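Please work through the exercises below with the sequence and the model side by side, trying each task before reading its solution.

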Amino acid sequence: PLFQMLADQDLKAVAGAMVPESFAPGREIFREGDPGDAFYVVQGGELEVLKRRPAPAQGTHTVTRLGPGDSFGEIALLEGTDRSSTVRAVSFGRLLRMPRTQFWQLAVSTVGATRIRELLQNAAFLRRLVLVGDWPFEDLLRFARRCESVRYQAGDRVVRKDEPNAWFFLIYDGTFELRTGAGVLRHLEAGDYFGEISLLNDGLANADVIAIEESRCLAMGRDDFLEFFARD
């Protein structure tokens, strides 16, 4: 999913820079605290992602598992930080490895570091939501790619009652009020969403939605919304 915005010739260059590696059960691809030196794509097999338990607890715990098509290692490269977790092989398998220099030259310089960071941050945010949190991470990235990050100031009216609405909104941060002629129905905060009723009914909005402080939403257009949610 990270490379879906690349043109064909750029994808060929990315493929050419990938170095195949085999792994056996128990091999550590890298350890938490190691410097970031490469980006990885799982071609076959299974790995587990481990993190140290917060003090005073000892040892590590498994955060997630990775399989074919999953990728990892980009955060340390994008942020210039050490590895935030340990990745260890569970089975025999195969990786595609891209060194840091090629990752920046072929992926980040083409797509843009800011855009890649935004996609990863939005996908991580989506993963915490009940609505889509059980989707595979690559689907969350595809979902995030179709969203626009929109900021609102206090008092901005995002949706108007009895007017057409062409957007689905997920609140990233801030607070909104859902209002009708009778007053405030409820407050909406990070993780809440709105706009889906008018999209599903192909009708008019049934309430006003107004920002009551500086806020940000991930907004998805009608066609993308219907395509994604029709699958679930």
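The model is a predicted one, in which local features need pLDDT of at least 70, side-chain atom pairs count only at pLDDT 80 or more, and totals for chains, interfaces and linings use all residues. Residues are numbered from 1 along each chain as its sequence is written, and side-chain values use heavy atoms, with hydrogens and water left out.

**Exercise 1.** Determine how the rings of F125 and Y172 are arranged.

Solution. Start from the rule that rings of Phe, Tyr and Trp (its six-membered ring) pair if their centres lie within 6.5 Å, with planes under 30 degrees apart counted as stacked, over 60 as edge-to-face and the rest as tilted. The centres of F125 and Y172 are 4.6 Å apart and their planes stand at 40 degrees, so this pair is tilted. Next, consider burial, where buried means under 20% relative accessible area, exposed over 50%, and partly exposed in between (1.4 Å probe, protein chains only). F125 is buried at 4%, and Y172 is buried at 17%.

**Exercise 2.** Find the residues with the most contacts inside the largest nonpolar core.

Solution. Such a core is a set of buried Ala, Val, Leu, Ile, Met, Phe, Trp, Tyr and Cys residues joined through side-chain atoms within 4.5 Å. The largest one has 37 residues, and F3, F39, F103, L126 and F143 have the most contacts inside it. Apart from it lies another core, of 15 residues, which includes F176, A207, V209 and C217.
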